[in-house]
Amino acid sequence: MITRTARTLAAAALAAASVGLGAVGTAQAATASCGYINIGSPGNVNLHGMYAGQVEQMYNTCNGYTWAHFQWATPYQQGPYRSDTVFVSIISSNNGGQVTGPVSTAVKDVDSPGMYIHDATPDTFIAYAQVSCAAAWGTWHAYANGANWGGPAPYSC
């Protein structure tokens, strides 16, 4: 005869095993279907006759957030202008933007804060970076239909 305690323990073990299997299955599914992707075309920042770095729009397919990512060019980081700083922004067509900066060349990769794509109407965004008087931006991207337009473009000085 199985006691009530034994049945309770058996049920708890079965539930724990089911949860464990489910969690593993869920994690594998999430890994396969989620991730970070580049959006549109990036923009190059050129300053003092040098390539300083590149800004691009990133998108998290797991949570619907987009942000701007800037990466300094190694020769620029190590060159005579290594004291320069960058401001990095993700800007929506009508809902403002999020800015990070100033960030020095000591930090290789600089990200703006993220914005949820459906908080803007229409849900179009652009990545933007400014180093001193030089700036660059990637293409505008419309998340509703996947269209890209208006870039990339640099402004050099």
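I began with H48, which is partly exposed at a relative accessible area of 36%, where buried means under 20%, exposed over 50% and partly exposed in between, with a 1.4 Å probe and protein chains only. H48 lies in the loop between β1 (36–47) and β2 (50–60), and I noted that its phi is positive, about 55 degrees, although H48 is not a glycine.

Before going on I wrote down the ground rules: this is a predicted model, in which local features need pLDDT of at least 70 and side-chain atom pairs count only at pLDDT 80 or more, while totals for chains, interfaces and linings use all residues. Residues are numbered from 1 along each chain as its sequence is written, and side-chain values use heavy atoms, with hydrogens and water left out.

**Overall fold.** I find two helices and 12 strands in the protein chain, taken as DSSP runs numbered from the N terminus, with helices being H or I of at least four residues and strands E of at least two. Along the sequence the order is α-β-β-β-α-β-β-β-β-β-β-β-β-β. Of the 157 residues in the protein chain, 34% are buried. For contacts (heavy atoms within 4.5 Å), I looked at pairs in the protein chain at least 6 apart in sequence, and 49% of these join residues at least 24 apart.

What joins G101 and P102? I found a cis peptide bond there, with omega about 0 degrees, and P102 sits in strand β5 (residues 97–104). A cis peptide bond also joins T121 and P122, again with omega about 0 degrees, but P122 belongs to the loop between β7 (115–116) and β8 (124–131). S132, a residue other than glycine, has a positive phi near 55 degrees; S132 is in the loop between β8 and β9 (134–137) and is partly exposed, with a relative accessible area of 47%.

**The β4 and β5 pair.** Strand β4 (residues 85–92) runs antiparallel to β5 and is joined to it by six bridges; two strands count as paired if DSSP finds at least two bridges between them. S89 stands opposite V99 in β5. Four residues separate the strands of this hairpin, and G96 there takes a positive phi near 75 degrees.

**T105.** Is T105 buried or exposed? At 6% relative accessibility T105 counts as buried, and I place it in the loop between β5 and β6 (109–111). A polar atom of the T105 side chain lies 2.3 Å from the backbone oxygen of R82. Leaving out residues up to four places away in sequence, T105 touches W72, Y76, Q77, Y81, R82, S83 and D84.

**The core.** Which residues have the most contacts inside the largest nonpolar core? They are V45, F70, W72, V86 and V131, in a core of 26 residues; such a core is a set of buried Ala, Val, Leu, Ile, Met, Phe, Trp, Tyr and Cys residues joined through side-chain atoms within 4.5 Å. Two or more residues come from each of β1, β2, β3 (65–72), β4, β8 and β9, and β8 gives the most, with four. I then followed V86, whose contacts beyond four places in sequence include F70, W72, P102 and V131. In soluble globular proteins, nonpolar side chains tend to be buried together.

Key
Polar contact = N/O pair within 3.5 Å; in protein donor to acceptor, adjacent residues only side chain to side chain.
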